[in-house]
2 protein chains.
Amino acid sequence: MTYCVGMVLDKGLVLMSDTRTNSGVDNISVFRKMMSWSVPGERIVTVMTAGNLATTQAVISQLEERTKAPGDRRNSVFEAPTMFQIATEIGRLLHETIAERQAVNGAAGKGRFTASMIVAGQMKGMEPRLFLIYPEGNFIEASWDTPFFQIGETKYGRPILIRAYDRSMSFEDAVKLLLVSFDSTLKANLSVGLPLDLMVIERDAFVATHERRITHEDTYYQAVSLGWGEALKNAFTELPDYSFYAGDKNG
Amino acid sequence: MTYCVGMVLDKGLVLMSDTRTNSGVDNISVFRKMMSWSVPGERIVTVMTAGNLATTQAVISQLEERTKAPGDRRNSVFEAPTMFQIATEIGRLLHETIAERQAVNGAAGKGRFTASMIVAGQMKGMEPRLFLIYPEGNFIEASWDTPFFQIGETKYGRPILIRAYDRSMSFEDAVKLLLVSFDSTLKANLSVGLPLDLMVIERDAFVATHERRITHEDTYYQAVSLGWGEALKNAFTELPDYSFYAGDKNG
């Protein structure tokens, strides 16, 4: 499994991904699921991936034209005129890669090579954009009503995102919120694992404003993980108490 | 979908289930998913069901021997000497019902008639017990390490259960905890819906100590649902703030 979240804020984009891949619980590895390309002052594009690792790596390799000699490569991320066009191209590559592997493997390949991606970025003169690319190759864009996307194991970490996300929040608060959401997911699903990759892309910066890898030794992550249990218990205590008597009256 | 939770406390058993069934999002109904039988002073058995409604209703009907005239019926829930035996019998009926429907429908029936159940109760002279019955007909029992079971849409409501459950908590706190867990699930999955059924079974009472249906008009449910958003935001604020500078130092 995997867990990745991309969110749009007034101030820019915040992205986080885990790094665990597994083929059974007895075969786990660490792989980076966040890839980024930037032309400082002009454009930045970041992709996060969930699903079959061979599929997602193949898509990224094709995007970078790694079948060609380094001098002959044309990465469409650097050439496409809009984020929309990059999403279209990644969608096309994703769908083709899955379809090809499925065709080669016939019935045995059904559903095995599927993957989805989050594409985020900004080009000069345009707004920051966030897309969710489906295995079918089509995609949706984040909007005012749905300003963040999750891929992979989305459920455990979703309630807190729904409750605490606010478009006008600071980058610092967004990172805190993502760490809470990831911590809930890590605690419930073994196939989502540390370290985490974090990227903050400030509006009109066209570079990663802040980028780091969060390991289990990270003191801030530890503080959030330990503190959240305590904070939740306090929140729980704050709520009015149930009364069997009043309950019967209401019921 | 469905969401049901059964938990063991020092003081007894607490059970909650939703009532929404759906065949597509355009065809939803209200059905009770919690059934209970009791011989006051001697035994109480409660079953909660998730999955194909025709399957779960068939199992309950067979348990009550509804194919026979009322006078000829022998409900094994009233006759089995132990909770373990009731779990065994329900597992057998569940597996048989699914297998039969699958056989009749061949490949088209594969996976369509599946269901799972939570069985809770106590018999005189024995401990309160809680079982999770799988579609395969086998089952597991709650233990000191895993003292609650969820069936149906289990993920959204799980993090708060993991964090706030405490075996020694009061029935009132357990109801509050379940309402928070159900509220998170209701907010995220349309196929889980109000009203909710609640049952509290005090140890050695052998009747439902407290039983009610919680509708959207219930003032306590409304207070929890509205208050939890606010309480979560406060909990979030309590956590230490992320700092880009300290973050870079740690990273």
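# Salt bridges, a sheet and an interface

Reader: Which side chain does R213(A) meet in a salt bridge?
Author: The model is predicted. In it, an N atom and an O atom of the two side chains lie 2.9 Å apart. That is a salt bridge because the rule asks for a Lys or Arg nitrogen within 4 Å of an Asp or Glu carboxyl oxygen. The partner of R213(A) is D197(A).

Reader: How many residues apart are R213(A) and D197(A)?
Author: R213(A) sits in strand β12 (residues 210-214) of chain A. D197(A) sits in strand β11 (residues 196-202) of chain A. The pair links distant parts of the chain, and the separation is 16 residues.

Reader: Is D197(A) buried or exposed?
Author: R213(A) has a relative accessible area of 32%, so R213(A) is partly exposed. For D197(A) the value is 2%. Buried means under 20%. So D197(A) counts as buried.

Reader: Where does D241(B), the partner of K176(A), lie?
Author: The side chains of K176(A) and D241(B) meet in a salt bridge, 3.0 Å from N to O. This pair crosses between chains. K176(A) is in helix α5 (residues 171-188) of chain A. D241(B) is in the loop between α6 (219-238) and α7 (244-250) of chain B.

Reader: Is D241(B) buried or exposed?
Author: K176(A) has a relative accessible area of 1%, so K176(A) is buried. D241(B) has 54% relative accessibility. The cut-off for exposed is over 50%. So D241(B) counts as exposed.

Reader: How many salt bridges does the rule find across the interface of chain B and chain A?
Author: Over all chains the count is 38 salt bridges. One further pair is E153(A) with K155(B), at 2.7 Å from N to O. Across the interface of chain B and chain A, the number is six.

Reader: What area do chain B and chain A bury between them?
Author: The contact takes 49 residues from chain B and 49 residues from chain A. Carbon and sulfur atoms hold 66% of the buried area. The total is about 4,700 Å².

Reader: Which element gives the largest share of the side of chain B that touches chain A?
Author: There are 22 residue pairs in polar contact between the two chains. Several elements of chain B supply at least two residues each to the touching side, among them α4 (158-164) and α5 (171-188). The largest share is 16 residues, and it comes from α6(B).

Reader: Which are the edge strands of the open sheet in chain A?
Author: Five strands form the sheet in the order β5-β6-β7-β8-β9, with antiparallel pairing. An edge strand pairs on one side only. The two are β5 (34-39) and β9 (139-141) of chain A.

Reader: Which residue of β8(A) is the bridge partner of G121(A)?
Author: Strand β7 (residues 115-123) and strand β8 (residues 129-133) of chain A run antiparallel. Five bridges join them. The partner of G121(A) is R129(A).

Technical notes:
Residues are numbered from 1 along each chain as its sequence is written. Chains are lettered from A and ligands numbered from 1 in the order in which they are written. This is a predicted model: local features need pLDDT of at least 70, side-chain atom pairs count only at pLDDT 80 or more; totals for chains, interfaces and linings use all residues. Side-chain values use heavy atoms; hydrogens and water are left out. Helices (H or I, at least four residues) and strands (E, at least two) are DSSP runs, numbered from the N terminus. Buried means under 20% relative accessible area, exposed over 50%, partly exposed in between (1.4 Å probe, protein chains only). Two strands pair if DSSP finds at least two bridges between them. Contact means heavy atoms within 4.5 Å. Buried area is the accessible area (1.4 Å probe) that two parts lose on being put together, summed over both. A polar contact is a pair of N or O atoms within 3.5 Å; within protein, one must be able to donate a hydrogen and the other to accept it, and residues adjacent in sequence count only if both atoms are side-chain atoms.
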